[in-house]
Amino acid sequence: LPGIVFGFQPKDNKSELSQKEYFLPELYIGNRAVTRAEIASQMKNSQAWDSFLAQYGPGSVVWFDPRSGYPMSIVAPIPLIPGNGSGNQLTLQNISQQLGKPVKELTTDIVGQLFRNFIIKNQAAIGIDVTQLGPVKTTKINDRLWHVTIPQVVNGIPVRWGRYLGGSNNGNLIVQAAATWGNVKLGLNPKITSAQALKLGFDYAGGKSS
């Protein structure tokens with residue numbers, strides 16, 4: 001029987017266009033994590049971390065990004081929503097008081113709002129710019145497990161890979177992290193138009209082609 005076969009031509013790394021690819025090793029985003037002691041000299045919020053650990057447990061395990069000082073991983077059983085996790089005595093009435101509105105059941109919006117509020121409350125220790133928290137995405141895995149992630153967004157522009165995420169088990173926020181997050185402090189007003197940027201790109205590549 002007749003058939004069709006498709007083939008892919010391997011990339012030619014010796015072509016003129018390939019030679020123009022922009023890459024700098026120092027722009028590579030690594031995932032190395034360090035202890036607090038390793039970056040103690042560069043931390044400006046040590047007192048805030050002392051308060052955080054005193055409130056949520058000195059047994060908490062925290063790993064930091066050596067570049068930014070933000071937590072790459074916080075492992076601690078912190079009551080977030082009602083559940084039977086360790087030390088969790090929260091009720092829907094407590095949640096209603098926190099949010100200033102009646103809460104009859106836990107929804108993705110409620111859990112996401114509580115997680116966002118937790119980050120804002122502890123921003124002195126966590127260190128991220130909470131004005132760059134984007135829309136919250138909450139997923140209910142089952143009756144015990146919830147997953148929440150908040151992308152980093154600046155003036156409506158998403159920051160590639162930047163996000164703050166957390167996982168809840170039996171009502172407790174068990175793990176959380178600022179993943180590939182760096183507070184954006186750059187000017188965001190473009191100095192050229194989109195048409196000019198497109199032209200510059202094609203000019204650099206050698207012009208338009210089929």
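**A tour of the model**

Of the protein's 210 residues, 31% count as buried (under 20% relative accessible area; exposed is over 50%, partly exposed in between; 1.4 Å probe, protein chains only). This is a predicted model: local features need pLDDT of at least 70, side-chain atom pairs count only at pLDDT 80 or more, and totals for chains, interfaces and linings use all residues. Residues are numbered from 1 along each chain as its sequence is written, and side-chain values use heavy atoms, without hydrogens or water.

Start with the cartoon view. Find five helices and six strands. They are DSSP runs numbered from the N terminus: helices are H or I with at least four residues, strands are E with at least two. From the N terminus, the order is α-β-β-α-α-α-β-β-β-β-α.

Next, select Trp49, Phe52, Phe115, Ile119, Ile128, Leu133 and Tyr164. These touch the most other members of the largest nonpolar core, which has 37 residues. Such a core is a set of buried Ala, Val, Leu, Ile, Met, Phe, Trp, Tyr and Cys residues joined through side-chain atoms within 4.5 Å. Now colour helix H3 (108-121), one of the elements giving two or more residues. H3 gives the most, with six residues.

Zoom in on Leu133. Leaving out residues up to four places away in sequence, Leu133 touches Arg116, Ile119, Ile128, Ile150, Pro151, Tyr164 and Trp181 (contact: heavy atoms within 4.5 Å).

Last stop: Ser18, in the segment before H1. Ser18 counts as buried because its relative accessibility is 14%. Select Trp63 too: C-alpha to C-alpha, Ser18 and Trp63 are 38 Å apart in space, and 45 residues apart in sequence.
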